[in-house]
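Colleague: I am new to this structure and would like to go through it with you. Could we begin once it is on the screen?

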Amino acid sequence: MGKNGALNGPDTLNVAVIGAGPAGYYTAEALTGTDQSVNVDIIDRLPTPFGLIRAGVAPDHQSIKNVSRRYEATNQRDNVRFVGNLSLGRDITLTELRELYDAVVLATGAGKDRPLRIEGEDLHGVIGSGAFVGWYNAHPDYKDLQPDLRVASVAVIGNGNVAVDVARVLAKTASEMSSSDLADHAANSIHGSPIKDIYILGRRGPLEASFTPKELGELNRLENCVALVDGSQLPDEATGETLAGAAKKNMAALRTMAANTPDMKPVRLHLQFYRRPMAILGEKCVCGIRLEETRVEDGKCIGTGVTEVLPAGLIVPCIGYRTSPIPDVPYSERYGHFENEDGRIDDGLYCVGWAKRGPTGTIGTNKPDGVEVAQKILSEVHASGKAGRAGLDHVVKERDLHIVTFQTWKKIEASEEASAAAGAPRKKLVDVNEMVRIAES
Ligand code: NAP
């Protein structure tokens, strides 16, 4: 419970946080954790809270999702409110929100796939990780994506944790996913697919890869799939000796892979380094990818001019994300997030999380980020008697909007839990209208 109730007195600061993901919740927690009188409405276009915890974290990484309990606790505070199914731009404008609240914080994440900018990337069968992960995680935006997995070979581009997640989810068997909340449509498609070869392609080397040891190590423990690495791509023993921390652990996992053989399991996961995507090949659908061999000098990827074609019926670039621009909000095309100074965009307008700093860091990285932006708001913005949540309620009523509150979201959650298969935490709903119907039942 916050130190102040939800009363909107003349000294109460009214803040709207747009986006109910980790960055939004950590900001709300910090804003309402001081002696100052602050009301926070956390607004999300989806009827479900928790952003990437629900729709980004891999379905077989349930323990990571437990952090949502902390956000639930924040939501128990009288002065914090979740307002789901309210879309900025569709239901209310930013200008209107800025009139209603003393401060608006954009915690909208980075939901758009960064483009590869190579020939063929628009071909059918090239699906960016934002869409692909959204699809297997039952994000309503991607419920109809229907990627064609009736392919023998998949190329996953990138050497980050998202690439590892995508490859692992494609490689795991139905029994390995039985305690996950993998979307039903994805389970049917993935577990019925004839995929035999999955490639994770890095444009630089193993030392430059950004995946973390825990995630990489999991690839060595798959039931049906053997992870393979060409040992000649790994650093020599002398370099290996000098490594420490994550790099050392990653190298140990990669050395295990280098000792594996393709015949050990029915499906093969090939980690190939020093391969830069040049063009995606195919007429209407993808049939392969042209790669250029590279070398790394001073950390930079240098093409050698030697190319090869890798056959693949599905290509999933996992090369990072961009924040969706919002009209009239300054945006850095170069970095793909809002232009800001330590979170401040304009008077009374702030951003946090990936929308502020780009798509890097773990969930926990958003905590100090949220605290910093909250402190900035508390020191810079003063209560000015704005209508805040009462004003929003008025707009909701006037426009007949069907918002979902934290209490009514709990009905959606209960429904998902009640229909879960044995051992699974939930069976995710994918249809917004159905979710709203349950919330209003
Ligand atoms: P990331 O870690 O930044 O990795 C992106 C990868 O894409 C890099 O290997 C990068 O190579 C490569 N890349 C970028 N542009 C490319 C291009 N044009 N052609 C070929 N390769 C290209 O990003 P991410 O995997 O999307 O993850 C985002 C953040 O979420 C990360 O901080 C990650 O750790 C976090 N995350 C964490 C977990 C977890 O903890 N379990 C799970 C998922 C995501 P270069 O390095 O050469 O640029």
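Colleague: How many residues lie between β11 and β12 in their hairpin?

Modeller: Two residues separate β11 and β12 there. Please keep in mind that this is a predicted model. In the turn, aspartate 298 has a positive phi of about 50°.

Colleague: And over how many bridges do β11 and β12 pair?

Modeller: Nine bridges connect β11 and β12, in the antiparallel sense.

Colleague: What joins β10 to β11?

Modeller: Seven bridges do, and β10 runs antiparallel to β11, which spans residues 286-297. Within this pairing, leucine 281 is opposite glycine 288 of β11.

Colleague: What holds paired strands together in general?

Modeller: Strands of a sheet pair through backbone hydrogen bonds, and the pairing may be parallel or antiparallel.

Colleague: Now to the sheet of six strands: what is its order?

Modeller: That open sheet is ordered β3-β2-β1-β4-β18-β17, and its pairing is mixed.

Colleague: Which way do β17 and β18 run, parallel or antiparallel?

Modeller: They run antiparallel, with two bridges joining β17 to β18 (residues 349-351). Arginine 344 stands opposite tyrosine 350 in β18.

Colleague: Changing topic, how many residues surround the ligand?

Modeller: There are 22, and the closest are Arg203, Arg204, Ser210, Glu215 and Gly361. By class, this shell has nine nonpolar, eight polar and five charged residues.

Colleague: Where does the largest share of the shell come from?

Modeller: Helix α7 (residues 161-171) provides the largest share, three residues. As for domains, the shell draws at least three residues from each of domain 1 (3-111 + 322-439) and domain 2 (115-319).

Colleague: What lies 2.7 Å from an oxygen atom of the ligand?

Modeller: An N or O atom in the side chain of arginine 203 lies at that distance. For arginine 204, a side-chain N or O atom is 2.8 Å from a ligand oxygen. Asparagine 159 takes part through its backbone, where a polar atom is 2.9 Å from an oxygen atom of the ligand.

Colleague: And how much of the ligand does the protein cover?

Modeller: The protein covers 80% of the 920 Å² of accessible area that the ligand has on its own.

Notes: Residues numbered from 1 in each chain as written. Predicted model: local features only at pLDDT ≥ 70, side-chain atom pairs only at ≥ 80, totals over all residues. Heavy atoms only, no water. Near = heavy atom within 4 Å. Polar contact = N/O pair within 3.5 Å; in protein donor to acceptor, adjacent residues only side chain to side chain. Areas by Shrake-Rupley, 256 points an atom, 1.4 Å probe, with all protein chains shown as cover. Helix = DSSP H or I, 4+ residues; strand = E, 2+ residues; numbered from the N terminus. Nonpolar A, V, L, I, M, F, W, Y, C, P; charged D, E, K, R; others polar. Domains from an automatic or database assignment. Pairing = 2+ DSSP bridges.
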